[in-house]
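Please look over the sequence and the model below. The paragraphs after it start at one place in the chain and then widen to the whole.

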Amino acid sequence: MYNIQANPSGTRTIEVSKDHLRTIKRYSLFQHLIDSTGIVNESVLDKLKLNVRSLITSNEGDNKDLLDLCIDVIYHNNMKAFGLQQLIRLYIAEIVNKENEEEETENSGG
């Protein structure tokens with residue numbers, strides 16, 4: 001379980017689990033989310049919310065992991081643009097960097 005800072009002063013946090021990070025990866029929620037400026041603002045958060053809502057309504061079957069991510073993280077009362085930026089940083093640190101390390105290990109014959 002990880003805690004991400006939801007505001008610049010650090011008085012609000014949001015708990016994020018490894019399952020939440022795996023769900024983000026499974027549905028590629030951060031892919032093409034941020035434009036070329038790299039700025040995470042409220043419109044980026046709104047875009048993420050709309051994308052998730054669309055996935056839930058169009059996806060027939062088990063959406064429990066996506067619903068849990070929505071309730072626990074994306075639609076959390078404290079989630080603002082700053083919190084989303086912290087979530088993206090955590091995702092990169094935990095998922096993307098670990099994938100790169102695994103690829104390097106496989107390529108080096110380990």
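Glu102 sits in helix H4, which covers residues 81–107. Helices here are DSSP runs of H or I with at least four residues, strands are runs of E with at least two, and both are numbered from the N terminus. Glu102 also belongs to a negative surface patch, together with Glu101, Glu103, Glu104 and Glu106. Such a patch joins like charges within 9 Å, from residues with over 30% relative accessible area and no salt bridge; a salt bridge is a side-chain nitrogen of Lys or Arg within 4 Å of a carboxyl oxygen of Asp or Glu. Asp and Glu count as negative, while His and the chain ends are not counted.

This is a predicted model, in which local features need pLDDT of at least 70 and side-chain atom pairs pLDDT 80 or more, while totals for chains, interfaces and linings use all residues. Residues are numbered from 1 along each chain as its sequence is written, and side-chain values use heavy atoms, without hydrogens and water.

The protein chain has four helices and two strands, in the order β-β-α-α-α-α. Its C-alpha atoms fill a box of roughly 45 × 40 × 30 Å along the principal axes.

The loop between helix H1 (18–26) and helix H2 (42–58) holds Ser28. Ser28 is not a glycine, yet has a positive phi of about 50 degrees. His32, in the loop between H1 and H2, likewise has a positive phi, of about 60 degrees. Ser28 is partly exposed at 35% relative accessibility, and His32 is exposed at 66%. Exposed means over 50% relative accessible area, buried under 20%, and partly exposed in between, with a 1.4 Å probe and protein chains only.

Definitions and conventions: Patches are made of residues with over 30% relative accessible area and no salt bridge: like charges are joined within 9 Å, nonpolar side chains (Val, Leu, Ile, Met, Phe, Trp, Tyr) within 5 Å. Accessible areas come from the Shrake-Rupley method with a 1.4 Å probe; for residues, only the protein chains shown count as cover. The place of a charge is taken as NZ of Lys, CZ of Arg, CG of Asp or CD of Glu.
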